[in-house]
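Q: Please take me through the terms used for this model, setting each value against the definition behind it.

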Amino acid sequence: MHGEILKARSTSDAAYIQKLEGDTLNLGDLCPKGAQLRPHIVWFGEAVPQMDRACEIAATADIFIVVGTSLNVYPAANLLNYAPLDCPIYLVDPNTISASIGTQAKHIKKKAGTGVPALVKRLLKNIY
């Protein structure tokens, strides 16, 4: 949703995206049309590409899992509110979350590396 730091896109044609050679992007690095390349990420204040599509996908979720976020940056933080009312929501993050995550959400206060495997194990236990 927020892009990929190891890719660049044109400042004049957002559809032009390329992988970076290495991890550096410099002033003067241009796309084939001659426009400056910029990181393929969303800066604060910019619109999130495909946000409408993300909302549509969230609305069809059977399980909604949020990993590693404070839920303080919008509009992405609002996606869990698009999940169906009967959809279980899990938030995996070791920090206290200041945003309201509602009563249907379960907060797993672990880092992603330990919290996600624990959640997967828990979900698989419920299936089998």
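Q: Why does G115 count as buried?
A: The model is a predicted one, in which local features need pLDDT of at least 70 and side-chain atom pairs count only at pLDDT 80 or more, while totals for chains, interfaces and linings use all residues. Residues are numbered from 1 along each chain as its sequence is written, and side-chain values use heavy atoms, with hydrogens and water left out. Buried means under 20% relative accessible area, exposed over 50%, and partly exposed in between, with a 1.4 Å probe and protein chains only. G115 has 0% relative accessibility, so G115 counts as buried.

Q: What is G115 in contact with, leaving aside its neighbours within four places in sequence?
A: Contact means heavy atoms within 4.5 Å, and on that basis G115, whose place is in helix α2, is in contact with V92, I108 and K110. G115 and G68 are 47 residues apart in sequence and 9.8 Å apart in space, C-alpha to C-alpha.

Q: Why is V120 called partly exposed?
A: The relative accessible area of V120 is 41%, so V120 is partly exposed. V120 has its place in helix α2, residues 112-127. From V120 to H2 the separation is 118 residues in sequence and 24 Å in space, C-alpha to C-alpha.

Q: What makes R38 a buried residue?
A: With a relative accessible area of 15%, R38 is buried. R38 lies in strand β3, residues 37-41, and its contacts, leaving aside neighbours within four places in sequence, are K7, A8, R9, T11, L25, W43 and E46.

Q: How do you know that G22 and Q50 are exposed?
A: The relative accessible area is 53% for G22, so G22 is exposed, and it is 59% for Q50, so Q50 is exposed as well. G22 is in the loop between β2 (17-19) and β3, and its C-alpha is 13 Å from that of E4, which is 18 residues apart from G22 in sequence. Q50 is in the loop between β3 and α1 (51-58), and Q50 has a positive phi of about 65° although it is not a glycine.

Q: How many helices and strands does the protein have, and why is it called more spread out than a compact globule?
A: Helices (H or I, at least four residues) and strands (E, at least two) are DSSP runs, numbered from the N terminus, and the protein has two helices and six strands, in the pattern β-β-β-α-β-β-β-α along the sequence. The radius of gyration is 18 Å, well over the 14 Å that the globule rule gives for 128 residues, so the protein is more spread out than a compact globule; the radius is taken over C-alpha atoms, and the rule is 2.2 Å times the number of residues to the power 0.38. Along its principal axes the C-alpha trace spans about 55 × 30 × 30 Å, and 30% of the 128 residues count as buried.

Q: What makes the space in the largest pocket a pocket, and which residues line it?
A: On a 1 Å grid over the protein atoms alone, a pocket is an open set of points where a 1.4 Å probe fits, with protein on both sides within 12 Å along at least five of seven lines, and lining residues have an atom within 4 Å of a point. About 350 Å³ of space lies in the largest pocket, and of its 21 lining residues the closest to its centre are M1, H2, V73, A76 and A77.

How values were computed:
Points joined across faces, edges and corners; volume = space filled by probe spheres on them.
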